[in-house]
Each structure stands twice: as C-alpha cells, then as structure tokens.
Amino acid sequence: MNAFDKVIGYETIKNELLQICDMIHNREVYEELGAKLPQGILLYGDPGLGKTLIAKCFIEESGLKSYVVRRNKGNDDFIGDITATFQKARETAPCIVFLDDMDKFANEDSNHRDAEEYVAVQSGIDEVKNCNVFVLATANEMWKLPSSLVRSGRFDRKIEVQCPTAKDADEIIKHYLSDKKVAKNVDMDDLSKMISYSSCAELETILNEAAISAAHARKSSIEMDDFVKSVLRMQYDSPDNFTKTSAEDMKKTALHEAGHLVVSEILCPGSVGLASLRSTGRDSTGGFIHRCKELSRRPHYVLVSLAGKAAVELYYSDTVASGCTTDINRAFDCIRDGISENATLGFGMIDVSTDRFPKSSEDFKSRNEAVTHAELERYMIKARDILLKNRDFLEKATAALIEKETLLHSDVKKIRESSVITDVAV
C-alpha cells in the first residue's frame, strides 16, 4: 500500500513519482551513482483531472513537511507570501514547497509573462537550490508560464496529466458509485459507453446528478433512466421535456441519426455508446450520437459525418436533407486539411503558404477547391453504398429510435445482431 492507491489509473505517472519518492527515502543509493534529486516537478493538464490530488499523494508518500502556496491575496501581499514561504522552507529543510495552480499566480498573457509573482517564484526556487527543498507545482495552462520559470534547472520534470483512458474511466465510475444505491438493472457497460468525459470531476458530477434526480423522484435506488437523463442534460444540454415534431419530421431525424449510427457500427462494431432524437442546446433540429474516438480519423470521420444526409436522401430523394450543414462542414474541413496539410493526395496539393509568403496562388486555391469537392462526392457515394448494403440495419435502427427516442449501447448491439450485415471495405 502507498499513498498513490487513492488515485485510480495514471499508472505511468504514479510510477514516475514513486521513483522520486524512492530517491527521497534512499538518497544515498542514488548519490553513490552520482544521481541527484530533480530540482522540481510540474504537473500540467486540463482542469479536473486530479493534478492536485496526485500532488498531495506525492507529498504524503514522501513523508516530508510541506508548504502550500496558492493565490489567495492581492499582488503585494501574495508576493510577500511566496518569498516568506521559500525562506521558511530553507530554514526547515528537508521539505516540499507545493505551488498549486501556478498558472493563476498572475494575470499575464503569452506576450507578457514577466509578472512579479513569477519572478518571485523563480528567485525562491534559485534560493533553495541545493538546500534539500523540493519544489512541486501544478498548472492548467502551461502557455501562461514564462519559459525561464519552467526550464530545466527549476523544473527538471514536466509531466502531462491527460484524460483517463476508457479502462481507467470504468474504474473511476465504479468508485464514484460505490457509496450510491444503484438499481440492479443498471448495465455498467451501457453507463460507461454513454458518457463522453473530459475529466474525473465531470464523471463525478454526472453520476451525482443522476443520484439527485432519483432522490427527487423518491426512488429507492438510482435507475438507468436517471443516468441517461443526467448524461443528456449535463453533456448535451438536452431539455428534460423533449418537444416532439410531426411524425414525418421525426422519421427524417431518426433516419439521419440511424445513418450515422449504421455507418459507425459497420466501420467500427460496438462504437456507438448513445443515440438520441433529442435536441442539443439551442439546436431545434434534434438528434445526435456518441461514438468512440477511433472514428475521429479519416476516412471514417468523413463517412460517418455524411451518413446522416445520405440516409435521409435514400428515402426522400425528391428533397434535400435538412439539418446537415454542420455535418457537411466537418467533412469538408477534414478532407481539406488532409489534402493541404497532410498530403493525403500527394505533395502537389500541400498548402505551402508561410509567414513570409502568406498568400497561396489562385491556381493552387482553385485546384484545392476542385479536388476537395471531388473527394466530398466520392465519400458521399461510399456512405450511400454502405447504407444500401445494410438497409435492414438502417431501417431497424430508424424504427427503434422512433419507438424509444434514445438508444443505449446494448440496444444498438441487439439491433445489429438481429440485422443482415454486409461489411464494406474502406
């Protein structure tokens, strides 16, 4: 057992920090080989990922006395606190100075990263160098910090804390549910696959909102519909009181989302975690699906983006599918970026404009535009082909969406298994 057992996942980061703790506890072993304790560690990454928790676990595991510096005073008083903290640390070494949310110490922008607060931190770090004082810091936005502060010699290790992996997220969900009364019919696989998370804090909030909903309804346990309602509201800004449109419009919306769903599942079976006809935010057209990250790369991303339009136009060929503008723009941008930045169609189509020569030639622009449009047409034909060859799947998914309004991962899996599937090479 160690202090890092409180943190779920992040094994690579925990192992790296445990190595530093081992150096603190067994310094003579390392010094015998000429190894020195790093001057400092900076944990950086998006808010809500657990950087402060990881830092606190490091302090606990190290067994050293610590001093915490957080922005909670005005400029002059805060600068005085920084200086006094480093002075106290030097006098009571060995110890740790923990600079929490260091990027919030000053309100400087990327062009003026020489604030007095950062100068005070730099001076403090230099003052305690070789004095058995370890510096630990967290930051959300690295670009706000001066390069002179985060360079080697002040922070020898800079560790990025990223969003939890799918496996870690499953464990985090189980942890947050451990103190909640969850109904026996709740499918944990459905639950984990429907949530699009960006942080541990977001996962905790979504699950807590489900508990609030169940308690307000005076239920004895949290049911699956409470989790679904929480995800729809918290992640997709979908109102609880969904207003249905005409039967014909609902069918078109269902076809649109079923098109996205079917192409996603054909390209990457088991990829769809949630599909719904509900509107999102201010979008009155309704409908969305949540799918795995594997479909975010070309050519899958383009095919899935165009599949909604393709599905509707298979059945309503006399009209142009509405509500597809965003899908088309995403597909267009993805194709254009691939052509002009990543040479997907050869180096002759790369955009070579630079700061010195910012304007591309008119000939290049017209060629790029023509090729992008041609690629868009080619992908659209491919999306139609996938749907035509899997029409049974498309029609069953459409009918299920009209009936249930929202489909979970297990629902999609049952529909897929009951359908005639034709795999299509991409």
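Tutor: Of the 426 residues of the chain, 46% count as buried, where buried means under 20% relative accessible area, with a 1.4 Å probe and protein chains only as cover. This is a predicted model, in which local features need pLDDT of at least 70 and side-chain atom pairs count only at pLDDT 80 or more, whereas totals for chains, interfaces and linings use all residues. Residues are numbered from 1 along each chain as its sequence is written, and side-chain values use heavy atoms, with hydrogens and water left out.

The chain contains 16 helices and eight strands; these are DSSP runs numbered from the N terminus, a helix (H or I) having at least four residues and a strand (E) at least two.

Three of the strands form an open sheet, in the order E7-E6-E8, with antiparallel pairing. Two strands pair if DSSP finds at least two bridges between them. At the edges are strand E7 (288–291) and strand E8 (406–408), each of which pairs on one side only. From one strand to the next, the twist averages 10°.

Strand E6 (residues 272–276) is joined to E8 by three bridges, and the two run antiparallel. Within this pair, Ala275 stands opposite Leu407 in E8.

Helix H16 (residues 409–417) lies across E6 and E8, and runs at about 85° to E8. Such angles run from 0 to 180 degrees between N-to-C directions, the axes being lines fitted to C-alpha atoms, for helices over the stretch in contact; contact means heavy atoms within 4.5 Å.

How values were computed:
Buried < 20%, exposed > 50% of the residue type's maximum accessible area, 1.4 Å probe, protein only.
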